[in-house]
Amino acid sequence: MNDGLVKILDGNTFVVSDDRGDIEASRTDPTGLFSFDTRFLSRWVLTVDGERLNALSVDDLQYFEARYFLVPGTSKVYIDAKLSVIRRRSVASGFHEEITILNHAATPASLTVRLDAASDFADLFEVKDALEKKGRYSATVARRKLTLGYQRGSFTRATEISASAPATFDADGLTFKVRIPSQGRWTTTIDVVTATVGAGQASRETRNPKRVRARMQRNLEHWLAEAPRVECDLQQLKSTYRRSLVDLAALRFSPPIAGGRALPAAGLPWFMAMFGRDSIFTSLQALPFAPELAATTLRALGDWQGVRLDDFRDEDPGRIPHELRYGELTAFEERPHSPYYGSVDATPLYVVLLDEYERWSGDRTLVRELELEARAALRWIDEYADLQGTGYIWYQRRNEKSGLENQCWKDSWDSIAFRDGALPGFPRATCELQGYAYDAKVRGARLAREIWKDAELAAKLERDAADLKRRFNRDFWVEDGEYFALALDPEGRRVDALTSNIGHLLWSGIVDDAKASSLARHLLGPRLFSGWGVRTLAEGEGRYNPIGYHTGTVWPFDNSFLAWGLRCYGFKDEAAAIASGILEAAAFFEGRLPEAFGGYPRELTRYPVQYPTACSPQAWSTGTPLLLLRTMLGLEPHGDHLIVDPALPHDIGHVALLDIPGRWGRVDAFGRGRTDVGRRARG
Amino acid sequence: MRFEIVEGRKTRSWCVAVAKGDLTVEHGAGEAHCVVRADRGVFEKLATGRMNAFAAVLRGELTVDGDWRLLVSMQRLFPGPRRAKARA
């Protein structure tokens, strides 16, 4: 919100405008009204007597609703304003806008109120990459409605604009002729409705905006009431926690296939879609707070699990999808997202989430319901992911035109490199993938033994896991640095850069106990730890850059799993140090952690420098404070009980997490800050 | 689940029922939780792996009415494109 843009959203429908409520999108910027990955309005400009308005203030009332207070004229002096204009907008099958004009003058006012409207119907991918359109545009004017349309073959999208007050419609907008008495007011409501043929739930949703708004309000209140409460000395932690809950509510998204249930979308504005990896990580982070997200994620991703070999989509039987999109480029197969399967971590993580979900919720019914999906995911690891026949997960895209090169979470082109910066060939086997595979096997064995009653599969998975762990600790260990290599290259050479990935290995449990302490030392050492958090790539490596996307920045989500990993191996103080740094950074962003921030040393910048990206809020950053709370309080399900073993940073003081839901019903957890992270944080 | 196969002015309906893993296929326009409708040519391409069902829905060539999850499950039965150069 500090970018001057006002964003409101509900699921994958969102509006991004300036602080006047106006939209004047260029081909490449993500402002406008978007739904199902298509821009339905690219121009929406309000004028009074031909004059633009000036913003006095904006209220983001809720994530789905904003109010703009405006006065006519572009002058910086407002004192003479005889008129006030209030726009109140909420998302509802498009959006609903109420415009009110107040006449403060002693005489009546005759005004021409005009809204310019246009749509380029751009696919979100086109906005990202500035591509040309191939279809035809139309504007149909009726007495009480303007319909903007786009058609390419049988693909049609339309935006319908109507108003409650009498208006004249033309192809470029609508005009009101208004007379307002002295000290009087005039009001109209305007509905902008998106219509999608074939794929549309938006077109079928209730069109009563008041009811939609009331439903969203109730829904948000219910969501907040169901979540555990935080009580603590530190006001900042409380507000960060609340910010996270509200943003997570905003990012919930009900794809048509999920039967009205919600799973987390990845982030605004580029990633309001179902992502395998992001939805799984966010669901894991939120388990102690909102376990139902995990259930929907598991069901929806299970529905789309791969069943065939399809090179264009990088699909294999058993593979969990990476990304599902609804826009024009996906429709015409100019992009493979229908869905695209090009990630290799989502499949083992699917089994990890299923097990972790059951440990918290005790919901064995879902584990039985998804038995075939989980078995297929486990089979995929051995039968389709081992491209080199060496017993590891490897990746190499088969769609060489629009597929992803790096199919791990660090998916930018230069993220996987040797110390000297050289890039390895393909296929690649990054280290954290092997950790996830190990964890999936161990957890799959538990599910097989206890719930699917298949002792044979359980025994096989345990044997395979033990074997994988033994080989991994030999093949990936960088002897002269005492850490695990980032990856193996096709010749089996260790890609030896020091990265945050080693912390994911602790989370997965694949690390030999004897090797764990040197990993902890590296994670909190000066090359990786910036003072705020752990960098993606260590200072001193060939490609290190404090503002390199995956080559030096600090990712809050990454750190939340590193902290969890450290706790898994008993490094309580180290975990607390990371939690402390990231939560202190959150305070600089009003509780809303960005996707990533610069890896500059803390004592150099004194504040965390946000990575220049437009994606905020982002789901797994939003989930980060939640997982950090779990980690600091040492929450761990054990049978039907919840173990609480707090190790809180000293500065945090007293923390209580009340009404934690799970198989135990609801329980409370308390902790007091004791761990001195001060010295450690400065490395 | 009902398939409505459009051939010119004629529409032929088939109902597919799934009960505990058993599939029955019947000719006729019975009640269904999900109705999908398209030209015969579209269904032929889907059934031979030359078209992707979800992309067809997005293009408006295949329309879905009712429970989407059923379509997602059903599309698993369609084959993949030929000549996949994948290993395995």
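Q: Is A:H104 buried, partly exposed or exposed?
A: The classes rest on relative accessible area, with buried meaning under 20%, exposed over 50% and partly exposed in between (1.4 Å probe, protein chains only). At 35% relative accessibility, A:H104 falls in the partly exposed class. This is a predicted model, in which local features need pLDDT of at least 70 and side-chain atom pairs count only at pLDDT 80 or more, while totals for chains, interfaces and linings use all residues. Residues are numbered from 1 along each chain as its sequence is written, chains are lettered from A and ligands numbered from 1 in the order in which they are written, and side-chain values use heavy atoms, with hydrogens and water left out.

Q: Where is the place of A:H104, and with which residues is A:H104 in contact?
A: Helices (H or I, at least four residues) and strands (E, at least two) are DSSP runs, numbered from the N terminus. A:H104 sits in the loop that lies between β10 (94-103) and β11 (109-118) of chain A. Contact means heavy atoms within 4.5 Å, and once neighbours within four places in sequence are set aside, A:H104 touches A:A81, A:K82, A:L83, A:S84 and A:Q183. A polar contact is a pair of N or O atoms within 3.5 Å; within protein, one must be able to donate a hydrogen and the other to accept it, and residues adjacent in sequence count only if both atoms are side-chain atoms. The side chains of A:H104 and A:S84 are joined by such a contact, of 2.5 Å.

Q: Which strands run antiparallel to β17(A), and how many bridges join them?
A: Two strands pair if DSSP finds at least two bridges between them. β10(A) is joined to β17(A) by nine bridges in the antiparallel sense, and within that pairing A:L102 has A:R185 of β17(A) as its bridge partner. Strand β14 (residues 155-163) of chain A also runs antiparallel to β17(A), with seven bridges, and there A:S162 stands opposite A:D191. Nine of the twelve residues of β17 (residues 185-196) of chain A are buried, so this strand is largely enclosed by the rest of the structure.

Q: How many residues of helix α4 of chain A are buried?
A: In α4 (residues 276-286) of chain A, eleven of the eleven residues are buried, so the helix is largely enclosed by the rest of the structure.

Q: What is the order of the open sheet of four strands in chain A, and which strands stand at the edges?
A: The order is β18-β31-β32-β30 (chain A), and the pairing is mixed. β18 (229-232) and β30 (648-649) of chain A each have a single partner strand, so one side of each is left without a neighbour in the sheet. β30(A) pairs with β32 (residues 665-675) of chain A in the parallel sense over two bridges, and A:L648 stands opposite A:G673 in β32(A).

Q: How many residues does the contact take from chain B and from chain A?
A: Chain B gives 25 residues and chain A gives 35. Buried area is the accessible area (1.4 Å probe) that two parts lose on being put together, summed over both; between chain B and chain A this is about 2800 Å², with 55% from carbon and sulfur atoms. B:L58, B:R69 and B:R76 supply 26% of the area that chain B buries against chain A, more than any other three residues. The two chains share one salt bridge, in which the side chains of A:D303 and B:R69 meet at 2.6 Å, N to O.

Methods
A salt bridge is a side-chain nitrogen of Lys or Arg within 4 Å of a carboxyl oxygen of Asp or Glu.
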